[in-house]
Amino acid sequence: MQSFTDTPDSHLTTVNTPPVVVTSELRKVYRTGFWMNQKVVSLKSCSLEVYQGETFGLLGPNGAGKTTLLKLLLGIIRPTSGKGLLLGKPLGDRLTKQHLGYLPENPYLYEYLTGWEFLELAAGLFQIPASIQRQRIPQLLDLVGLSVADARKKQMRRYSKGMLQRVGMAQALINDPQLIFLDEPMSGLDPLGRYRMREIILSLKAAGKTIFFNSHILSEVEQICDRIAILTQGELICTGSLAELLGSENTYYVKGQGGDWEILKKWLPNLVFEADGSWQGTLQADYYDFLASLRLMGGQIISINLSRYSLEEFFIQQIQKQNISVNE
Ligand SMILES: Nc1ncnc2c1ncn2[C@@H]1O[C@H](COP(=O)(O)OP(=O)(O)O)[C@@H](O)[C@H]1O
Ligand SMILES: [Mg+2]
C-alpha cells in the first residue's frame, strides 16, 4: 500500500485518464411526512465526471443537494433514478468502499474515546492489522497536525472544533483511500483551522489522491480546486476548471481615452463610454497588439489592470442568473 509521503508523478490532472467518479442523470427524491406522501426533490439530474488526481469542489448554497450527492456517491443512500460509477464500479459496491475515505459534514465522534482509540476503532473496521495501525496512526496524526499526547490522553469531548475536524480527517484517511470525500471540511473552523485544513488537502493532492469536496467557503475552494461544479436547487448549473469559468489570467481591465470607437469595440467587446469622454472595457486579446493599435488611432491608456472574476463574484452571478436566493 502506498505511503502518505510518496509523491507519485502520475498525479497531474488529465482528462485522458478514465474518470474515477462518473454520474449519469442521478436523481434523488426523498419521501417525507407522516404518510410518506410528500416529496422533496433533492437532486434533479446530475451528470458529472471527476478524474484521477483532481481536487474537485462542489459548491452551492445551503439545501442545494451537495450532501445528498455525496451520500449517493458513497452508497449511503440509493438514487431514485440514474446511475454512477466510482473507480469503475457501480455506486454502493462493497469492495470499492475499501478505497474510499469520507469526512461527514458534522462528524459524530465518540466523546468518551481518545482520538487514538477512535482511530484504532476506525482501523479495526477496515481490518487493518495492529502492526500497520501502530505505524499509520502516528503518521496520520502528524499529517493532520494533532499531537500524539493529545490523541493518546485527551477524550474527544475535550477537543476543540479544529481538533475534532482533524481527527475526523485522520479517520477518513485511515485506510489510505484513493478517493476522498469531504463534506464541508472547512465549516466552523477559525482562519488558522481553515489554513491547516487547506494544507492537509494540498498534501493529499500532492500524494496523488483524488479529492471531492463540498463547500460554501469560496475563497478556500478557489485556492485548492482544479475543477468545480455549482449546484443550486438540486441542479448542476455549471462545471469546469477555474480558468474556464473565471477567465484566463490574461484578461485585462483597461481604461483610456481617445481613439476610434469602432476599432476599440473590436478589441473590447464590453466597451463603455463615460460622461467625461473616457472609456473602459475588458481586453482578452494580446496586450501588446492592443497597445500598438491604440497608439495608431491616437488613443491613450489611463489604467490597465489584470482582471479575473473571483470565484465569489462568479458564484453570485451564476446564482442570481437562476433567480435563487442564497440562504445563509
Ligand atoms: N433524509 C432527508 N429527508 C428529506 N429531505 C431531505 C433529507 N436529506 C436532505 N433533504 C432535503 O434535501 C435538500 C438538499 O439537502 P442537502 O443535500 O443536505 O443540501 P446541502 O448539503 O447542499 O446543504 C434539502 O431541501 C433538504 O431539506
Ligand atoms: Mg450539506
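Around ligand 1 sit Tyr30, Thr32, Val40, Ser42, Gly60, Asn62, Gly63, Ala64, Gly65, Lys66, Thr67 and Thr68. The elements that supply two or more residues to this shell are strand 1 (19-32), strand 2 (38-51) and helix 1 (66-74). Helix 1 gives the largest share, three residues. Sorted by class, the shell holds three nonpolar, eight polar and one charged residues. Please keep in mind that this is a predicted model.

Next, helix 3. Helix 3 runs over residues 130-144, which is 15 residues. From the first C-alpha to the last, helix 3 reaches 21 Å, close to the 21 Å expected at 1.5 Å a residue. Which residues of helix 3 are buried? They are Arg136, Ile137, Leu140, Leu141 and Val144. The cover over these buried residues includes helix 2 (115-125), helix 4 (148-153), helix 5 (161-172) and helix 6 (191-206). After helix 3 comes Gly145, with a positive phi near 75 degrees.

Last, helix 11, residues 311-321. Here Leu311, Phe314 and Phe315 are buried. Looking down the axis of helix 11, the buried residues fall within an arc of 100 degrees, so they line one face of the helix. What does the face turned away from the buried side of helix 11 carry? That face has the exposed residues Glu313, Gln317 and Gln320. As for the buried residues of helix 11, what covers them includes strand 3 (55-59), helix 7 (218-224), strand 9 (227-232) and helix 8 (242-246).

That is the end of my part.

How values were computed
Residues are numbered from 1 along each chain as its sequence is written. Chains are lettered from A and ligands numbered from 1 in the order in which they are written. This is a predicted model: local features need pLDDT of at least 70, side-chain atom pairs count only at pLDDT 80 or more; totals for chains, interfaces and linings use all residues. Helices (H or I, at least four residues) and strands (E, at least two) are DSSP runs, numbered from the N terminus. The expected span of a helix is 1.5 Å times one less than its number of residues. A residue is buried if 20 or more other C-beta atoms lie within 10 Å of its own, exposed if 12 or fewer, and partly exposed in between; C-beta atoms are placed from the backbone. Two residues are in contact if their C-beta atoms, placed from the backbone, lie within 7 Å. A residue is near a molecule or strand if its C-beta atom, placed from the backbone, lies within 6 Å of it. Ala, Val, Leu, Ile, Met, Phe, Trp, Tyr, Cys and Pro count as nonpolar, Asp, Glu, Lys and Arg as charged, and the others, Gly among them, as polar. The arc is that of the directions from the helix axis to the C-beta atoms.
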